[in-house]
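User: I would like to learn how the words used for a structure follow from its values. Could you take me through some examples, step by step?

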Amino acid sequence: MLLKMRINEDTLLEGEKVVLVPYNADHVPRYHQWMCAPELQKLTASEPLTLEQEYDMQRCWREDDDKCTFIILDKQKWADPSIPEQECMVGDVNIFLTDPSDPSLAELEIMIAGYRGCSAFYFIQIDLSLSVTSNHFLVPFYRGKGLGKEVTRMMMYYGVHKLGIQKFEVKIGLDNKISIAMFKKFHFRELSISEVFQEVTLGVTVNEALQKHVFGNMDFMLQGEYGKARDSRQAPFTPLSL
């Protein structure tokens with residue numbers, strides 16, 4: 001199972017609105033820009049890192065046996081070969097194992113960060129939060145476009161069929177009613193509440209109902225080879241085989 005967590009090293013997943021690609025060194029400068037914002041550090045409980053430390057972190061994530069990470073790209077931008085891939089980045093999504101004795105249990109994390117201009121950053125979804133915060137302005141750059149829902153479905157589907165995940169958990173701030181409601185629609189149920197961290201843990205076990213009502217028809221989700229697609233931006237795609 002642990003080796004499976006790194007099978008996405010050359011995997012590209014295409015949805016209707018997003019493209020998921022492996023986190024590589026080319027993505028680090030933009031990711032580092034996001035993580036320099038104090039608000040994002042607070043929301044993700046992260047310490048500020050130097051650019052060199054961010055590169056070290058990226059290598060660690062790629063080599064970890066218990067973590068599977070994709071960078072989220074804006075599909076419309078990525079379809080234009082004239083736009084550098086780094087400028088298509090809108091966030092990242094992770095599945096990581098939390099219990100060494102149970103490789104079928106994983107935690108899901110999503111960060112969607114929109115940006116505009118050179119100095120103003122717009123954070124729309126942080127760790128499954130659909131609220132908007134910003135260190136300069138409040139602009140709904142990616143809000144309400146359904147990116148979070150699509151990424152969640154895609155990553156869960158990938159986790160089930162490629163990584164053998166059978167149970168998912170998410171941690172969400174108690175004041176984030178929108179995300180809590182969204183995951184409950186995805187059949188997640190409350191597992192615990194932390195008053196200290198002001199967050200709720202929701203969980204779901206993969207079953208027939210989840211497969212039918214949450215995944216449903218996943219024909220829109222295609223898989224390709226990231227290396228070829230990155231080089232040509234025109235590589236053919238094939239349906240994700242189970």
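This is a predicted model: local features need pLDDT of at least 70, side-chain atom pairs count only at pLDDT 80 or more; totals for chains, interfaces and linings use all residues.

User: What makes Lys228 count as exposed?

Analyst: The word exposed is kept for a relative accessible area over 50%, and Lys228, with its 52%, is therefore placed in that class. Glu225 has a relative accessible area of 41%, which lies between the cut-offs of 20% and 50%, so Glu225 is called partly exposed.

User: Why is the pair of Lys228 and Glu225 called a salt bridge?

Analyst: The closest N and O atoms of Lys228 and Glu225 are 3.7 Å apart. The rule asks for a side-chain nitrogen of Lys or Arg within 4 Å of a carboxyl oxygen of Asp or Glu, so this pair meets it. By this rule the count comes to five salt bridges.

User: Which parts does the salt bridge of Lys75 with Glu14 tie together?

Analyst: In this salt bridge the closest N and O atoms are 2.8 Å apart. Lys75 belongs to helix H4 and Glu14 to strand E1, so the pair links parts that lie 61 residues apart in sequence.

User: How do you know whether Glu14 is buried or exposed?

Analyst: Glu14 has a relative accessible area of 12%, and because buried means under 20%, Glu14 is buried. Lys75, with 23%, is partly exposed.

User: What can be said of Asp102 and Lys167 by this way of reasoning?

Analyst: Asp102 and Lys167 form a salt bridge, their closest N and O atoms being 2.6 Å apart. Asp102 sits in the loop between strand E4 and strand E5, while Lys167 is part of strand E8, so the pair joins parts 65 residues apart in sequence. Asp102 has 16% relative accessibility and, because this is under 20%, counts as buried, whereas Lys167, at 28%, is partly exposed.

User: Why is helix H1 called roughly perpendicular to helix H3?

Analyst: Helix H1 (residues 28-35) and helix H3 (residues 51-63) pack at an angle of about 115°, and their axes are 10 Å apart. Angles of 65 to 115 degrees count as roughly perpendicular, so H1 is described as roughly perpendicular to H3. The crossing of H1 past H3 is right-handed.

User: Which residues of H1 and H3 meet?

Analyst: On the H1 side they are Val28, Pro29, Tyr31, His32 and Met35, and on the H3 side Leu51, Glu54, Tyr55, Gln58 and Trp61. The residues of this contact divide into seven nonpolar, two polar and one charged.

Key. Residues are numbered from 1 along each chain as its sequence is written. Side-chain values use heavy atoms; hydrogens and water are left out. Axes are lines fitted to C-alpha atoms, for helices over the stretch in contact, and angles run from 0 to 180 degrees between N-to-C directions. Helices (H or I, at least four residues) and strands (E, at least two) are DSSP runs, numbered from the N terminus. Angles under 35 degrees count as roughly parallel, over 145 as roughly antiparallel, 65 to 115 as roughly perpendicular and the rest as oblique. A crossing is left-handed if the near helix is turned anticlockwise from the far one by less than a right angle, and right-handed if clockwise. Contact means heavy atoms within 4.5 Å. Ala, Val, Leu, Ile, Met, Phe, Trp, Tyr, Cys and Pro count as nonpolar, Asp, Glu, Lys and Arg as charged, and the others, Gly among them, as polar. Buried means under 20% relative accessible area, exposed over 50%, partly exposed in between (1.4 Å probe, protein chains only).
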